[in-house]
Structure formats: structure tokens, C-alpha cells
Amino acid sequence: MKKFLIAPSILSANFACLGEDVQNVIKSGGDMIHFDVMDNYYVPNLTIGPKVLESLRNYNITVPIDVHLMAKSTDRLILDFIRSGADYITIHPESTEHLDHTINLIKDNDCQVGVAFNPATPLCYLDYIIDKIDLILLMSVNPGFSGQNFIKNSLKKIRKVRKLLERKNINIPLQVDGGIKVKNILDIARSGADIFVIGSAIFNSSNYAQTIMNFRKELIKFHNIK
Ligand SMILES: O=C(CO)[C@@H](O)[C@H](O)COP(=O)(O)O
Ligand SMILES: [Co+2]
């Protein structure tokens, strides 16, 4: 049976009590934590850095933490995130001058590496790197903010990547990020996603456990009717 993972995006969490909020979302059923890093340069918003990641790790956060780097990816910043406890670092090809070098840097430092594609970023980068990466992230909104609407064209792109992975017999997770709600998660799953990054739909709800349960109930339909 296919295993789906739900990765709450802490961009929508309460930063005044981040540790507790993150612990709460994990207790409520979140499988991994999606840590959105923005530098007000690559994207027009500013969020959190390695120090916050280190504090979360020390706050007894035991699930994998996936750093979604929407920032100009310097070697130093990447190494700081790895030292602070990142399990995955996901980079955007446009944010690094030397994609292959950055992938090697992350892997050589014993961290898993993901590559992220914005809605209009072509998938051709994958031709040269698909064999060395651990995760593919497809953005279904333009990066920078939570609470945006899912871009419908993304379903076509998800299907395309799923077919490519099947054709090449490559078994790495396909993560989708942006605008995921209870009403569209099943379509996204049927298109080929494995990991669902969900921000506002979880953190803006009054009961995280109930909301995550509602997402899982939709995902159960994947196995029932196809
Ligand atoms: O990386 C990003 C936005 O740039 C995301 O991870 C969002 O934080 C997802 O939030 P929702 O669209 O689910 O509200
Ligand atoms: Co993200």
C-alpha cells in the first residue's frame, strides 16, 4: 500500500510559541516538518534561519525536518543548516549558480538533498541530476507566501514527473507544496504525489488532529476507488 506523508509547513505556525506549536502538530499526526527559509531576495519575504532550526531540534522535535531553501544558496548557509539539524535541504535551481556543486555539497555533508521546481520552471534540469537527488519538490504556488491558491496546471506537471520516475525506475519521493486543501488532496495524490506540504490549512485550523485526519480520510479514497 502506497505510503503518503503529511509535512506541515511552519510558515503558518505561531512563531511566538514555535516549539510548542510544532510539537502539537507532530502529536496531531504530522509526519515531518517543512521549514520554509526565505531571504527577501530570492523570494519577497523574510523568515527564519539556522538558529531557529537548532532551537527546534533542541526542543525535542524528533521527526525529520525538511529545509525548503528559498534563499540564495551559499555554501556557508547550507552548512549552517546541516549543522543545525536539517534532514533534507531542498534547493531551487535558480537560487544557486552551480546546481551540481550545491547538490554535492549537501550530500557530502550527510544530508539528503531535494530539488524544487517553481510552477514555470522547466523539468529539464532533472535530466542531469535525477540520479543523485533524494527528493523532488514541485511548487504548486509561486514561492514566498502561504495561503495562496493551488495552481491547477501543477497536476499536469506532477503526472509528468511521476511518469518519468516510473520510466526510469527511480524510487524517490515526489513532494508537492502550496495550496493543498482537503478538497484537492485526492487529485494531487492521484496525479502522483507522495508527500504533501500543508501550511495554512493545518495551522489556521482550530484542531490540528481533526484537520490532519480529514486529509488522511481523503487519501484513503486513493486505495478504494481509482
Ligand atoms: O514554500 C511555501 C511557500 O513559498 C510553502 O511551504 C507554504 O508555506 C505552503 O503553505 P500553504 O499554501 O499550504 O498555505
Ligand atoms: Co515550502
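**Around ligand 1**

A: Ligand 1 is surrounded by 23 residues, and the closest of them are Leu11, Pro143, Ser146, Gly199 and Ser200. Keep in mind that this is a predicted model. If you sort the shell around ligand 1 by class, you get 12 polar residues, nine nonpolar and two charged. As for secondary structure, at least two shell residues each come from β2 (33-38), β3 (65-70), β8 (195-198) and α8 (200-203).

Now for the annotation. An unreviewed UniProt entry puts the feature "binding site" at His34, Asp36, His68 and Asp177. Those positions are spread over 144 residues of sequence, yet they cluster in space, with a largest C-alpha distance of 10.7 Å.

Let's zoom in on two of them. Asp36 sits in strand β2. It counts as buried because 25 other C-beta atoms lie within 10 Å, and the cut-off for that label is 20 or more. Setting aside residues up to four places away in sequence, Asp36 touches Ser9, Ile10, Leu11, Thr47, His68 and Met70.

Leaving out neighbours within four places in sequence, His68 is in contact with His34, Phe35, Asp36, Val37, Thr90, Ala116 and Asp177. That list includes His34, Asp36 and Asp177, which the UniProt entry also marks as "binding site".

Conventions:
Residues are numbered from 1 along each chain as its sequence is written. Chains are lettered from A and ligands numbered from 1 in the order in which they are written. This is a predicted model: local features need pLDDT of at least 70, side-chain atom pairs count only at pLDDT 80 or more; totals for chains, interfaces and linings use all residues. A residue is near a molecule or strand if its C-beta atom, placed from the backbone, lies within 6 Å of it. Helices (H or I, at least four residues) and strands (E, at least two) are DSSP runs, numbered from the N terminus. Ala, Val, Leu, Ile, Met, Phe, Trp, Tyr, Cys and Pro count as nonpolar, Asp, Glu, Lys and Arg as charged, and the others, Gly among them, as polar. UniProt positions are given in the numbering used here, feature names are shortened, and annotations may be inferred rather than shown by experiment. A residue is buried if 20 or more other C-beta atoms lie within 10 Å of its own, exposed if 12 or fewer, and partly exposed in between; C-beta atoms are placed from the backbone. Two residues are in contact if their C-beta atoms, placed from the backbone, lie within 7 Å.
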